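Hi,

Here is the structure I said I would pass on to you. Have a look at it first, and then read my notes below.

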Amino acid sequence: MPPLASHSHIRAEQRRYRRARSGTAWSVKDLPQFYYHKNFSGLLESIEASFAELLGESDSAFINDFRDLPFPAQCAYVRLCSRKGRVFHVDKFDYNEIDNLLDQYVLLRERGFTQPVSRSHFRDYLNTLCKPDLTVLLSDHVCETEYKKSWKKAQMVEVGLNKVDFDDLTIADTTLVQGRTDCLDYLLYLYFGKIEQSLQSLTLRDLGLVKLPKNEGQYGTRFNCQDTAKTAFFYARGLQSFRNEDGPAIDSLVRSITEWPDPLCHQSTGDRDKLLQKLGGLSERRGDLETALTVYARSDTPRCNERVVRLRYKQGDKDWVKSRLEAMIENPASDEEHAFAQDFYARKFKKKRTSTVTDILRGAETLELDEAFRNQPERAAMRHFKDQGLICFRTENRPWRNLFGLLFWDELFEVDSPRRMPAALKAGTFYDENTDAIEAKLADLDTPHLVMIKLLKTLTAHFGENQSLVHWGSKSLDRVQAMVEHAPKGAIAHMLRLMAQDWRGTKDGFPDLMVVEDGVARFIEIKATGDVIRRNQLTRLRQLRAAGFRADILQVTWKVDPDQTYVVVDVETTGGRPGLHRVTEIGAVKMKGGEVIDEWSSLINPQRSIPANITRITGITNDMVADAPVFAQVAESFAAFMGDAIFAAHNVNFDYGFISAEFQMVDRHFRHPKICTCSSMRKLYPGYKSYSLKNLCREFHIDLTSHHRALCDAQAAAELLKLVNEKRIEEDCA
């Protein structure tokens, strides 16, 4: 079955379409010959000008030593930094603008900017080899029975690491390791705010291929001294080791845990706790529980505290666990920690058989919905409430963040640039620093219409600004307005106060839906069979109830609805890959209650030629589609025909993928539950040699007079859908 369209394919096709329509050609920007040198020099100047107090002796020495290099050597080094990895075969570099390129790398080696390959870089060296070269290396040093040439490169690298003695290798002088990376990585961290192990992002920006954040070059301003910046860099680099799956670096972190620097700011504190959680989890997976306990004990986050309790209980230290749980219940660090402690204490020391989560799920209201929505339970529940005439919105975290950001915009971004997450929120000091202003705005929530006017003014004044709180969607204010106007008195103020006091602990986990019933908003968390309640979701439900909202869990089960509406679709195309090939014809049949109630079909101008082999299959020629509408002209009509129906097709991912891709190309959203008549027939009517549309039609005596024309195929697939639903309803009633 052809794969669905990837986002890159869609974007490529959108560009091609716009270029064809405007008559212009897209090309990479023409850049000055030494643009990369100018970029890097400007980056160093910016760092020196803005963050001089954050630079250590080695960092300043790195900058000065770079400037002491001859211009060609500087260019050679920047070219090296612009490539991925740390080990390079510089004899394969082709930079014609740099005179005597290999001589420049000799000079860089003499000045410490590069170095020979050592044992510590053995893995990186093997990874730089292409598979044929790696195969030759293994054939020279490893018995042929130890590996197969057909293996993937990653497997062969592991063989090389385990079976080849590094000292036996002869590595060319032109294979070099990038040196002084600690200094370079630190400078880039100050500039970008993350670990950037190459200058590639700058190059892609200059070529116009990517956009860098507008706060580029300003990240270091959040550090007040060198020690603070260096500590934050240490923990950011540790997390990067996990992302890169750098085993040696991770092992080194575990061994040196007692020597880690104390975090000096909220950034390094948060990253340290994340790193400890990751290292503890890794130690658990390795079966080293003592190391895991040591690691977890160095953090006081709820997650680490929970793991310590669970591991100590597993080891039989029940008296310690009981005492610790009682302390956590008496003085919890957060609502989530309190919920865990109460639940664990009840189950382990009061012989309670089930967890709080299980009790809540068992007591939840159950709603039966059509199983075609099995992968979209929230959407199915929304449809159910709307069918009842109720106002229903998909909520989760976004409207709460939007309301919070818009209401407190002036306090959040008075000092911090609105181009990043305000530091006071991350540090947990936002409420204490702005108590009077926050409480005054919370009091305003008692007059919803006045608050909405203020929110609208803020939205208008700052729409589109790049920050991490408010989502600037076209309907950003709709859900916020419904919340403000239909919330019980004081309820929203209660929740926003909690968010201001503890942003980290309350920024997510909000229920899926908001339903307005009898003029009052209630929140509903949707859980399908097999879903679990995360602890932050449970905490948020409790907080919403304490605030005055009705907040429930709704458990969804599935059934077959005989009155469900389906649209059975078939498409003919110029080829097999959505996003690269285009639709030439659409046929659709609408069914309800097992009967056909409407049909829709149209030839489509694909805006490209139809290959001869496709014409032989479908009978659709270039002349036939020359005067047909392009998809943009029929998109509205087809969307209206679909309505809220379930999308059905034979090999549904093929047809759905092409329709979805066509809608994406005209900047429209297409999302429907779907059912496949091919896989359903295979499951419900087993034993046939072939489940192609043609063969099934022959077996079940279904008319297929114009095979590979869209409407005819859709009509035939609709007959198969009748058979499928008859069997599904029969099994559902059994």
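Let's start with a pair you can find by eye: Leu369 stands opposite Trp558 in E8. The names of strands (E, at least two residues) and helices (H or I, at least four) come from DSSP runs, numbered from the N terminus. Before going on, note that this is a predicted model, where local features need pLDDT of at least 70 and side-chain atom pairs count only at pLDDT 80 or more, while totals for chains, interfaces and linings use all residues. Residues are numbered from 1 along each chain as its sequence is written, and side-chain values use heavy atoms, with hydrogens and water left out.

Two strands count as paired if DSSP finds at least two bridges between them. The whole open sheet has 5 strands in the order E4-E8-E7-E6-E5, with mixed pairing. At its edges are strand E4 (365-370) and strand E5 (391-394), each of which pairs on one side only. On average, neighbouring strands here are turned by 35° against each other, ignoring direction. For angles like this, axes are lines fitted to C-alpha atoms (for helices, over the stretch in contact), and angles run from 0 to 180 degrees between N-to-C directions.

Helix H19 (residues 377-387) packs on this sheet and touches E4, E5, strand E6 (513-517), strand E7 (520-528) and E8. The direction of H19 makes about 165° with that of E5. Contact means heavy atoms within 4.5 Å.

E7 and E8 run parallel too, with 7 bridges between them, and Ile524 has Asp552 in E8 as its bridge partner. Between E7 and E8 the chain passes through helix H29 (residues 535-547), making a right-handed β-α-β crossover. Right-handed means that, with the strands pointing away from you, the path from the first strand over the helix to the second runs clockwise.

**The nonpolar cores**

Which residues have the most contacts inside the largest nonpolar core? They are Trp400, Phe404, Leu496 and Phe549, in a core of 51 residues. Helix H27 (residues 491-501) gives the most to this core, with 7 residues. A nonpolar core is a set of buried Ala, Val, Leu, Ile, Met, Phe, Trp, Tyr and Cys residues joined through side-chain atoms within 4.5 Å. Buried is under 20% relative accessible area, exposed is over 50%, and partly exposed is in between (1.4 Å probe, protein chains only).

**The three-stranded sheet**

There is also an open sheet of 3 strands in the order E1-E3-E2, with antiparallel pairing. Strand E1 (87-89) and strand E2 (114-116) are at the edges with a single partner strand each, so one side of each has no neighbour in the sheet. The twist from one strand to the next averages 40°. E2 pairs with strand E3 (residues 175-178) over 3 bridges, and Gln115 stands opposite Val177 in E3.

Enjoy exploring!
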